[in-house]
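Me: I would like to learn how to read salt bridges and helix packing in a model. Can we go through one together?

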Amino acid sequence: VGRLHPVKDFASLIEVFDLVQKQLPEARLTIVGGGEERKKLEELVKEKRLTGKVIITGMVDKERVQETMLYASVYAMTSLTECFPMVLLEAFSCGLPAVAFDVPVGPRAIIKQGENGYLIANRDKKEMAGRIVEILTHQAERERLGKKAKQDAYQYLPEAVMPKWKALLK
């Protein structure tokens, strides 16, 4: 989920998914968002022979994003940089474990290695694909990670954050 912009590096996500497909041909990838890279990404999907397996929805409303996440099994993030990615919190609130490239700040602030997802060092596409396959093929592990992700999302709700702000401002 995100704008189709070079900094989000959805091309790497498609390349990772190509590796996942080699092990799990039944897997599907949904990319939600619109932007300047859409045509380039659609061409990469064709080049990798992933037509019908990778869906790029374009821009959709908030409800459709949540519906898509609730249907998914894992959330993958390949951004080159991130600040505090709210989309990870959205994914966590839907009980999705996450796999993300470990970029400065961003996912590192939210993902707890092996607890609610996995951080992948050095933008290692093979390792990311392996973690995704592991999550997709081990239901108990997927459920454990997803349950912890959902629990971790609660700490960012207004009712959890506002008392901290009030105490700080006193």
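Me: Which residues are linked in a network of salt bridges?

Reply: Bear in mind that this is a predicted model. Side chains of opposite charge can pair when their charged atoms come close. Here D18, K22 and K48 form such a linked network. Searching the whole structure gives 12 salt bridges.

Me: Where in the chain do E15 and K125 lie?

Reply: E15 is in helix α1 and K125 in helix α5, 110 residues apart, so the pair links distant parts of the chain. Their side chains meet in a salt bridge at 2.3 Å, N to O. E15 is partly exposed, at 26% relative accessible area, and K125 is partly exposed at 27%.

Me: How many residues apart are D152 and K148 in helix α6?

Reply: They are four residues apart, and therefore separated by about one helical turn. Their salt bridge spans 2.8 Å, N to O.

Me: Is D152 buried or exposed?

Reply: Buried means under 20% relative accessible area. D152 has 6%, so it counts as buried. K148, at 25%, counts as partly exposed.

Me: At what angle do α5 and α6 pack?

Reply: The angle is about 100°, and the axes are 5 Å apart. Angles of 65 to 115 degrees count as roughly perpendicular, so that is the term for α5 and α6. In the contact, E134, I135, L136 and T137 of α5 meet Q139, E141, R142 and L145 of α6. By class, three of these residues are nonpolar, two polar and three charged.

Key
Residues numbered from 1 in each chain as written. Predicted model: local features only at pLDDT ≥ 70, side-chain atom pairs only at ≥ 80, totals over all residues. Heavy atoms only, no water. Axes fitted to C-alpha atoms, helices over the stretch in contact; angles between N-to-C directions. Helix = DSSP H or I, 4+ residues; strand = E, 2+ residues; numbered from the N terminus. Parallel < 35°, antiparallel > 145°, perpendicular 65-115°, else oblique. Contact = heavy atoms within 4.5 Å. Nonpolar A, V, L, I, M, F, W, Y, C, P; charged D, E, K, R; others polar. Salt bridge = Lys/Arg side-chain N within 4 Å of Asp/Glu carboxyl O. Buried < 20%, exposed > 50% of the residue type's maximum accessible area, 1.4 Å probe, protein only.
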